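Please read this briefing alongside the sequence and the coordinates. It takes the chains in turn.

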Amino acid sequence: MSIEFLDIHKAFGTNKVLDGVTLTVEKGQIVFIIGKSGAGKSVLVKHLVGLIQQDAGRILFEGEDITHYTEREFFALRKRCAMVFQHSTLFDSMTLLENVALPIRKHKGLSHGDSLAAARDKLALVQMHEMAARFPADIGDGLRKRVAIARALTLDPEYVVFDEPTTGLDPVSAVRVDRLIRQMSDDTGVTSIVVSHDLRSIFGIADRIVMLYQGRIRLDGTPADFRGSDDPVVHQFVNGLPEGPMEL
Amino acid sequence: MIALLTFAKDQTVGIARVLGLTLYYIVRGRTDRRVVLEQMWEIGNRSVFFVIVTLGFLGAILIFQTSFQSQRLFGDVSLVGPASLPLLCRQLGPALCGLMVATRVGTGIAAEIGSMVVTEQVDALRMSNAQPVDYLVKPRFYASLVMIPALSVIGVFTAWMAGLLVSTAVYHTNPSTYLNFGMVRASDAIEGLAKAVVFGATIPVIAAHSGLEARGGSEGVGAATTQAVVNSSLAVIALDFLIGGIAFVVKAA
């Protein structure tokens, strides 16, 4: 069982972002999608949950073609495949607990009270249960991101897409997020697709790394493959070198 | 010219789509009364002062200028008060109130939803199985549908009373002469209320459409806000003309 992106093309106006990306993600893996800013990493993963529609190509989810799914059909898929966004995307008018309870209420049709009770357990998972009654504006970016992760995990998804989960976090919080992703994979077999620039995370927990460059996959391999690569673009990126062949 | 027509067509189709989805979720979805009440407070109560001030000054100007011309031409201002009430009820009250609300409420809706779009909160709603139109537009639609007619009634009353002050203070009109309801008909009030209800349904849909179309960062939100005011104001004027025309034909028949 896997997720397959087959020859995905996507352009915004004249800006060609994805130019024939083919990628298979096996169940239970932690796959990092890396690349410079604007390489199309977030665009690629948003296709999987129907937030962006590709111009050409197909996507198979556990063998089923979801290319032409309607919004209603994607609702069912999003119960199994959650997403943590680059911004924390919490709703300002709701408390932290209500934010986490929203997907439970909407997806499972539970009452307001029952969904709050279920949400409290998920907040505890990211050590945020004591702040449940606070509003997003009352806490810092790092804490908001932890709540956003709790919200994504409310429905016990089998797949989670993380869009730059450690960006903006302090080193301790970042390590906690990495550990949570690893733990989910080891304990419950959750498949994680992580968009990231964070080299410490990438080489810390990735099972597999896929590098996008100029709309295509530049290298697909293990962390060891990336460390040992003699491709100058890959070498420049993984070593964080300001000089090199990589286009800005 | 072709680009302008294409843009107008795209906007119209987009607004029609948001309206269609709003009506669909009114029939199919559940409504959170607490959110509707919050929006009624935001759209209605927080606009009252703005509507009273603007309609008050506009009413005073209207009566002052009309009385000035009436006195110059006929040497009499006694009919200005009674004759202005049908005009305010039928035409100026709802239209001016609609334009005022389009600027205050329309910008607020477009900016709030636009900010949610560019910070991916709308995508997060979709991931939570909450349809953005159901969750964001429908409560504002309900609230606006109730509160804009209410604001229009308050606006008409304020404008006429401001006119009374001007008329008595400047032209020394007897208040009982001014406060004469003899020239206003039920059809004037019905036409005015019909316009206000239609504006109440139109403004949040148009503003929400602009917000949902926001792209990029703060620049995109700014553009969406501007678009919301332009589209809402144009819609108020065009619908005012259309409903006024229909009412005229109905009355003539």
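The points below describe the overall build of each chain and then some local features of chain A.

This is a predicted model, in which local features need pLDDT of at least 70, side-chain atom pairs count only at pLDDT 80 or more, and totals for chains, interfaces and linings use all residues. Residues are numbered from 1 along each chain as its sequence is written, chains are lettered from A and ligands numbered from 1 in the order in which they are written, and side-chain values use heavy atoms, with hydrogens and water left out. Chain A contains nine helices and 10 strands, whereas chain B contains eight helices and zero strands; here helices (H or I, at least four residues) and strands (E, at least two) are DSSP runs, numbered from the N terminus.

**Chain A: overall build**

- The radius of gyration of chain A is 18 Å, which agrees with the value near 18 Å for a compact globule of 248 residues; the radius is taken over C-alpha atoms, and the globule rule is 2.2 Å times the number of residues to the power 0.38.
- The C-alpha trace of chain A spans about 55 × 40 × 35 Å along its principal axes.
- Of its 248 residues, 55% count as buried, that is, under 20% relative accessible area, with exposed meaning over 50% and partly exposed in between (1.4 Å probe, protein chains only).
- Among contacts (heavy atoms within 4.5 Å) in chain A with a separation of 6 or more, 64% are accounted for by residues 24 or more positions apart.
- Carbon and sulfur atoms hold 50% of the accessible surface of chain A, which comes to about 10,800 Å², as given by the Shrake-Rupley method with a 1.4 Å probe, where for residues only the protein chains shown count as cover.
- Chain A carries 29 positive and 33 negative side chains, with the centres of the two sets 4 Å apart; Lys and Arg count as positive and Asp and Glu as negative, while His and the chain ends are not counted, and each charge is placed at NZ of Lys, CZ of Arg, CG of Asp or CD of Glu.

**Chain A: an open sheet**

- An open, antiparallel sheet of four strands in chain A has the order β2-β1-β4-β5, where two strands pair if DSSP finds at least two bridges between them.
- Its edge strands, each pairing on one side only, are β2 (15–26) and β5 (64–65) of chain A.
- Five bridges join β1 (residues 2–12) and β4 (residues 56–61) of chain A in the antiparallel sense; Glu4(A) has Leu60(A) of β4(A) as its bridge partner, and Phe5(A) stands opposite Ile59(A).
- Strands β4(A) and β5(A) run antiparallel and are joined by two bridges, with Phe61(A) partnered by Glu64(A) in β5(A).
- The hairpin of β4(A) and β5(A) has two residues between the strands, and Glu62(A) there takes a positive phi near 50°.

**Chain A: helix α1**

- Helix α1 (residues 41–48) of chain A is mostly covered, with eight of its eight residues buried, among them Lys41(A), Lys46(A) and His47(A).
- Gly50(A), which follows α1(A), has a positive phi near 75°.

**Chain B: overall build**

- The sequence of chain B reads as α-α-α-α-α-α-α-α, and its C-alpha trace spans about 70 × 45 × 40 Å along the principal axes.
- Of the 253 residues of chain B, 49% count as buried.
- Of the contacts in chain B between residues at least 6 apart in sequence, 85% join residues at least 24 apart.
- The accessible surface of chain B comes to about 12,400 Å², and 70% of it belongs to carbon and sulfur atoms.
- The 17 positive and 14 negative charges of chain B have mean positions 5 Å apart.
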